[in-house]
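Me: Please take a close look at one part of the model shown below. I would like one connected answer that sets this part in its surroundings.

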Amino acid sequence: MEMSREHFEELVAEALDEVPEELLGLMSNVVILVEDESPADEPELLGLYEGHALTDRGWDYSGVLPDRILIYRNPILRICDNDEDVVEEVAVTVVHEIAHHFGIDDDRLHELGWG
């Protein structure tokens, strides 16, 4: 599956538009980025949350760089057969990584169907 980076970024933006505004308003000190490839040691990784989940932040949380949510374009495109698959996978990946920002772990996400 091939798709321009620009179009892929639009799909990420559209997925973010589907997240309830109440949840987006609770997100703090986090940036969402699109990267072409996942780390070399995890070539099948579709997304990654790097940072301090909201549930782990204490009184001493200050002066830190923003957390990062990375959405990996090429790994997602490699597992998709068509545009509809990409839209769905991007949406699932965005929600999955946002959930990590809120402190929800992979096991719970799989239970909820967002694995």
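Is the crossing in which helix 1 passes helix 4 left-handed or right-handed?

Reply: The crossing of helix 1 over helix 4 is right-handed. A crossing is called right-handed if the near helix is turned clockwise from the far one by less than a right angle, and left-handed if anticlockwise. The model is predicted, so local features need pLDDT of at least 70 and side-chain atom pairs count only at pLDDT 80 or more, while totals for chains, interfaces and linings use all residues. Residues are numbered from 1 along each chain as its sequence is written, and side-chain values use heavy atoms, with hydrogens and water left out.

Helix 1 covers residues 5-18, and helix 4 covers residues 83-101. Helices (H or I, at least four residues) and strands (E, at least two) are DSSP runs, numbered from the N terminus. The two helix axes come within 9 Å and cross at roughly 55°. Axes are lines fitted to C-alpha atoms, for helices over the stretch in contact, and angles run from 0 to 180 degrees between N-to-C directions. Helix 1 and helix 4 are therefore oblique to each other; angles under 35 degrees count as roughly parallel, over 145 as roughly antiparallel, 65 to 115 as roughly perpendicular, and the rest as oblique.

Helix 1 contributes Phe8, Leu11, Val12, Ala15 and Leu16 to the contact, and helix 4 contributes Val86, Val87, Val90, Ala91, Val94 and Ile98. Contact here means heavy atoms within 4.5 Å. By class, this contact has eleven nonpolar, no polar and no charged residues. Ala, Val, Leu, Ile, Met, Phe, Trp, Tyr, Cys and Pro count as nonpolar, Asp, Glu, Lys and Arg as charged, and the others, Gly among them, as polar.

Val12, in helix 1, counts as buried at 4% relative accessibility. Buried means under 20% relative accessible area, exposed over 50%, and partly exposed in between (1.4 Å probe, protein chains only). Leaving aside residues up to four places away in sequence, Val12 touches Ile32, Val34, Ile71, Val90 and Val94. Val12 and Val87 are 75 residues apart in sequence, with their C-alpha atoms 8.4 Å apart.

Helix 1 also lies across strand 1 and strand 3, running at about 145° to strand 1. The sheet is an open one of three strands in the order 1-3-2, with mixed pairing. Strand 1 (30-35) and strand 2 (47-50) stand at the edges with a single partner strand each, so one side of each has no neighbour in the sheet. Neighbouring strands are turned by 15° against each other on average, direction ignored. Strand 2 and strand 3 (residues 67-72) pair in the antiparallel sense over four bridges, where pairing requires that DSSP finds at least two bridges between two strands. The bridge partner of Leu48 is Leu70 in strand 3.

Arg73 counts as buried, at 12% relative accessibility. Pro20 lies in the loop between helix 1 and helix 2 and is partly exposed, with a relative accessible area of 41%.
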